[in-house]
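Subject: Backbone notes on the structure

Hi,

Here is the structure I promised to pass on. Could you have it open while you read the notes below?

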Amino acid sequence: MSLWRTKSLEFLEAEANSGTQKLERSLGAMSLILLGIGAIIGAGLFSITGIAAAENAGPAIVISFLLASIGCAFAGLCFSELSSMIPIAGGAYTYTYATLGEFVAWIIGWALILEYAAGAAVVAISWSAYVVSFLHDFNIHLPAALSASPWQPTHLPDGTEIHGFINLPPLLIISLLSILLIGGIDKSAKVNAVLVAIKVAVVLIFIAVGFQYINPDNYEPFIPPNTGTFGEFGWSGILRASGIVFLAYIGFDAVSTAAQEVKNPQKDLPIGIIGSLGVCTILYVFFALILVGLVHYSKLNVAAPVAQAINQTPYLWLNGLIKLAIISGLTSVILVLLLGQSRIFFTMSKDGLLPPVFSLVHSRFHTPWVSNLVLMAVVGIFAAFAPLSLVGHLTSIGTLLAFTIVCASVIVLRKTHPDLKRPFKTPFVPLVPILGIVTCLILMLSLGWATWARLTIWVLIGLVVYFLYGKHNSHLARPR
């Protein structure tokens, strides 16, 4: 059946380079690393670190970050092998098409909408709250009617609750970033580099300043004894916290979606994926070490744990810089998520699974401009009106599902095409992919039945779209 047919690598490459709808190759390894960092470091670092330390791991949150990075490394190594073998836009969707077939690829592509499009909306809503709070510090007050959803009030970082008619800031930032993406991948990469520089600089300043005021007593005991409940301190608490902070690493896979815009994809894509994970791991570990050194872990279960830490130093002005870093971080995350989703739409359209309009490339800017405009409208309106709680866990489970399939794809390709050229090889196969699969499945199970129910509904909707349109228009089912 055509549902289970896979694309050969030769077919993928020929299709990617066919016709006039081509993307421009202008990205290097450093741009990819910065794109990865741009997608990974967001508000999560500044919020969930304190909560996970206070409720689960104590000072050993540092170990939790290391364990989470190892879990991400399993998936990252698998992404690196496949991206070097299949340097085509679409990331996990494309890899699945080449290994497990069209039907599974559609499900993954549909699930990735939860990570990229829905994720961009969620992040934009958080961005709005921080921008409103930042302006509030300068005595600039946006009208409540224009800065909150009518179905869910916005809670600012300082605890203030506001009700409104439309949350306008997320609509504006999504529109601006979409226009930037239409203007060219090189311009988008440069803006992302500036945003990454701002947030990394602030993190480094926090580490450098905080190091001088660490209280060694706050590290005792480094691993608090378990309370008798699994996940509350002890080694089980470290593991539970690792699952929580794992979500702070999600985003590196967006690097692979830009494969067709990379100058030397076989070499640069693995560098971008592994490099961004490595840089973020180092920053996360040192950040966590300073945070629990400045404030006793039991006092970090607050909305703004970093502010608590800064209050232990004479540099209170750092609080403003932290908000600026969070805003910069969230802006870059939105940018990379919109980039990733538009490239997935582009590739699925080239495959015939979505209408051809999604693969139209701008004659001057060489970008999938129609995909960007559609995302600007749909994601922008969703962020302006939807309640934040609606898609929070869905974003995570969609990502973890994609990671699981990518790890499985490496094992399948090693069996079915052992002689294919692999510029980058995942070590210790099948052990590393199996560990990646197990890690992702455990985290998916931890998200609860309600999230699984919503994912099931989302997949069923996707199946309806596939059987009504995608299956009948697939280029693989009807070879040209």
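N139 sits in the loop that runs between α6 (102-137) and β1 (154-155); helices here are DSSP runs of H or I with at least four residues, strands are runs of E with at least two, and both are numbered from the N terminus. This is a predicted model, in which local features need pLDDT of at least 70, side-chain atom pairs count only at pLDDT 80 or more, and totals for chains, interfaces and linings use all residues. Residues are numbered from 1 along each chain as its sequence is written, and side-chain values use heavy atoms, with hydrogens and water left out.

Back to N139: its phi is positive, about 65 degrees, although the residue is not a glycine. With a relative accessible area of 60%, N139 is exposed (exposed is over 50%, buried under 20%, partly exposed in between, using a 1.4 Å probe and protein chains only).

F233 is not a glycine either, yet has a positive phi of about 70 degrees. You will find F233 in the loop between α8 and α9, and its relative accessibility of 12% makes it buried.

The loop between α8 (185-211) and α9 (234-245) also holds P221. The peptide bond joining E220 and P221 is cis, with omega at about -15 degrees.

Another cis peptide bond links V429 to P430, and there omega is about 10 degrees. P430 lies in the loop between α14 (392-416) and α15 (431-445).

Happy to hear your thoughts whenever you have a moment.

Best wishes
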